[in-house]
Amino acid sequence: MATAMGGLHGPVVAASWTKDCTFQLLSNCFLQKPIFTKTSTAKLSFPCMPFIGGAFKKTETHVVSPNISSPSVTTGLLDAWDDEYGGVIMNSESLPMSANAFASAFQASLSNWKMKGKRGVWLKILQEQADLVPIAIQEGFNYHHAEPGYVMLTYWIPNEPCMLPASPSHQIGIAGFVINDKREVLVVKEKCPCSCCGVWKLPTGYINKSEDIFSGAIREVKEETGVDTTFLKMVAFRHAHLVAFEQSDLLFVCMLKPLSYDITIDDKEIQAAKWMPLDEFIAHPYYQDDPLSKKVIEICIAAKEDRYSGFTGHQLNSKIDGKLSYLYYDDLKNI
C-alpha cells in the first residue's frame, strides 16, 4: 500500500496511510508476540520474520463429551485446553450456539478453573458466533483484538492486576531508497489529499502479515513503480507514537539495488514516478526544512558511498520458537 506523510515525519519517512488518507498521521504495523503456535545460519537470500517470544501451546485438554454415561466426564464444562502460562484457551469450534447454554457452561467452567488455580482465559469467537460476544462481555470478558473472521476476548481470573499480554500495539512500514549508477533516486508522487501531496518522495507502504521487512520493501517498490529491486541493507528506522488508531509506528528505511529501470506506475495510488538526480532530490525545499527527512537522506547517501554500513539480514535459528528468522545487524566488524 503506497502512502505519504507530511508535517512531523515528512514524505521521505512516510509509510502507511489508509487508502482514503483518512488519517493525518501515518501508522505502520509491528507484530507482537503471537498468541498461538502449534533450525543453520544463512546470509539473507530474500524471501518471514517469525514472531519472537513465547506462545501458547496445547498441553492438556478438557473436553465436554456427549457421552454422559462416562463417570470420568463432568458435564456442562466448555471444551478448552491449558496454555503454558497457567491459563486456558477455549475451543471456539465447540462453543454452545445458545446464549443461555454458553453463559451457564462458562459459569460452571469458571468455577472449575478457579478451583484449579487457572489465570487467564482466551476466547476466540468466530464471525458466525457473533451473538455470543455480548454474552461474553456481560460475563466479564474484555476485548483483546480482532481480525477478519473473529474477535479475541480475554478473562482474568485472579483478583490481582491482569498479566495477559496486551493487544498488538505497533504498525510497521517501509521506505525504499533506490538509487541507480547515474546517481538518480527512484521517487513518486502519491494521489492523496495529505499535506505533502505533490511532494516527490521515496516509495513507502505497509508490511503485510507474516512478511519480512526487506520483502515488503521490494514488493512496495515494485507495486508503486514497476521497478524490480534487491535488498542491500537497512539504513535507519523511525519510531513514533499515537498515530493512526492511536497505535505506535515503526518505519524501516531500506536501501535497494535496482534490477530494472522502466517505470510503470500504480495509477490507483501513484500520481507520478521517475528517476530524479540525487542533487535535485536533496535540494527540494521540503527536505531542507525537515530535520528528520533530511537526516534520512544523508544516511542513505552515506550508505551508498560506503561511509555507513547499515544493517544486513542474516537468517538464524531460534530456540524460542524453533523457527528461522532474520536478524539485522552490522556485520562489517566480523562479529
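Select Cys254 to begin: at 0% relative accessibility, this residue counts as buried, where buried means under 20% relative accessible area, exposed over 50% and partly exposed in between (1.4 Å probe, protein chains only). The model is predicted, so local features need pLDDT of at least 70 and side-chain atom pairs count only at pLDDT 80 or more, while totals for chains, interfaces and linings use all residues. Residues are numbered from 1 along each chain as its sequence is written, and side-chain values use heavy atoms, with hydrogens and water left out.

Remain with the cysteines. The structure holds 0 disulfides, a disulfide being a pair of cysteine sulfur atoms within 2.5 Å. Cys254 is accordingly in no disulfide, and the nearest cysteine sulfur, that of Cys300, is 9.5 Å away. Cys162, at 45% relative accessibility, counts as partly exposed.

Next, select strand β8, residues 170-178. Helices (H or I, at least four residues) and strands (E, at least two) are DSSP runs, numbered from the N terminus. Of the 9 residues of β8, 9 are buried, so the strand is largely enclosed by the rest of the structure. His170, Ile172, Ile174, Gly176 and Val178 point one way from β8, while Gln171, Gly173, Ala175 and Phe177 point the other way.

Which strands pair with β8? Strand β12 (residues 248-258) pairs with β8 in the parallel sense over 9 bridges, and strand β10 (residues 204-206) does so in the antiparallel sense over 3 bridges; two strands pair if DSSP finds at least two bridges between them. Centre the view on Gly173, which stands opposite Leu251 in β12 and has Tyr206 as its bridge partner in β10.

Arg183, in the loop between β8 and β9 (184-190), has a phi near 60°, a positive value in a residue other than glycine. At 35% relative accessibility, Arg183 counts as partly exposed. Ser210, in the loop between β10 and α3 (213-225), also has a positive phi of about 60° although it is not a glycine. Ser210 counts as partly exposed at 42% relative accessibility.

Turn now to the largest nonpolar core, which has 23 residues; Met90, Phe102, Trp113, Val121, Leu123, Ile125 and Phe141 touch the most other members. A nonpolar core is a set of buried Ala, Val, Leu, Ile, Met, Phe, Trp, Tyr and Cys residues joined through side-chain atoms within 4.5 Å. The elements giving two or more residues to this core are β4 (88-90), α1 (99-115), β5 (120-126), α2 (132-138) and β7, and α1 gives the most, with 6 residues. Apart from this core lies another, of 21 residues, among them Leu202, Val235, Met255 and Met276.

Within β7 (residues 150-156), select Thr154. Thr154 counts as buried at 9% relative accessibility. Leaving aside neighbours within four places in sequence, its contacts (heavy atoms within 4.5 Å) include Val121, Trp122, Phe141 and Leu164.

Finish with the aromatic rings. The structure holds 12 aromatic pairs; rings of Phe, Tyr and Trp (its six-membered ring) pair if their centres lie within 6.5 Å, with planes under 30 degrees apart counted as stacked, over 60 as edge-to-face and the rest as tilted. The rings of Tyr286 and Tyr287 have their centres 5.8 Å apart and their planes at 70°, so this pair is edge-to-face. Phe102, Phe106, Trp113, Phe141 and Tyr155 form one aromatic cluster.
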